[in-house]
Amino acid sequence: MAGLVAIYKKPADVEAFEKHYFGTHIPLAKTMPGFRRYEVSSGLISVLAGPTDVYLIGTVYFDDLEAMEKAFASPEGRATAADRQLYAPDDTGVQIFAFDTREV
């Protein structure tokens, strides 16, 4: 399995962020080929180390990194990536990580 984690800082307009993120971005992401599941944090996020301004964490899963790369290269993937620019227009409000996972 491969995951993409997006860690969002608290937005200036929480209501607008949530409306777009849950109403537009997540449904769009779910159309990507190879998409497996989408998880978001729920409630307060306890920060044990690092900056304390984390507002929301979203994780999208694919079968592997190759499937993820193909998904983001597709028209749906490009639209999803472009959509992120609408509610988190620069990289100061979000960190994004992509990785393969393995069970241990």
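Me: How many aromatic pairs does this predicted model hold?

Reply: Welcome! The count comes to ten aromatic pairs, and the model they come from is a predicted one.

Me: How is a pair of aromatic rings described?

Reply: By two things: the distance of the centres and the angle of the planes. Take Phe17 and Tyr21: their ring centres are 5.4 Å apart and their planes meet at 10°, so this pair is stacked, the word for planes under 30 degrees apart.

Me: Where do Phe17 and Tyr21 lie?

Reply: Both belong to helix 1 (residues 14–29), where four residues, about one turn of the helix, separate them. Phe17 counts as buried at 4% relative accessibility, and Tyr21 counts as buried at 0%.

Me: Why is the pair of Phe17 and Tyr55 edge-to-face?

Reply: Here the planes stand at 85° with the centres 6.0 Å apart, so the pair is edge-to-face, as planes over 60 degrees apart are. Phe17 sits in helix 1 and Tyr55 in strand 3, so this pair ties together parts that are 38 residues apart in sequence.

Me: Which residues do ring pairs link into a cluster?

Reply: The cluster consists of Tyr8, Phe17, Tyr21, Phe22, Tyr38, Tyr55 and Tyr87.

Me: Now a strand residue: is Thr59 buried or exposed?

Reply: Thr59, found in strand 3 (residues 54–62), is buried, because its relative accessible area of 9% is under 20%. Beyond its neighbours within four places in sequence, Thr59 is in contact with residues including Leu4, Arg37 and Tyr38.

Me: What lies over the face of Tyr61?

Reply: That is Arg37, at 3.9 Å from the ring centre.

How values were computed
Residues are numbered from 1 along each chain as its sequence is written. This is a predicted model: local features need pLDDT of at least 70, side-chain atom pairs count only at pLDDT 80 or more; totals for chains, interfaces and linings use all residues. Side-chain values use heavy atoms; hydrogens and water are left out. Helices (H or I, at least four residues) and strands (E, at least two) are DSSP runs, numbered from the N terminus. Buried means under 20% relative accessible area, exposed over 50%, partly exposed in between (1.4 Å probe, protein chains only). Contact means heavy atoms within 4.5 Å. Rings of Phe, Tyr and Trp (its six-membered ring) pair if their centres lie within 6.5 Å; planes under 30 degrees apart count as stacked, over 60 as edge-to-face and the rest as tilted. A charge sits over a ring if NZ of Lys or CZ of Arg is within 6 Å of the ring centre and within 35 degrees of the ring normal.
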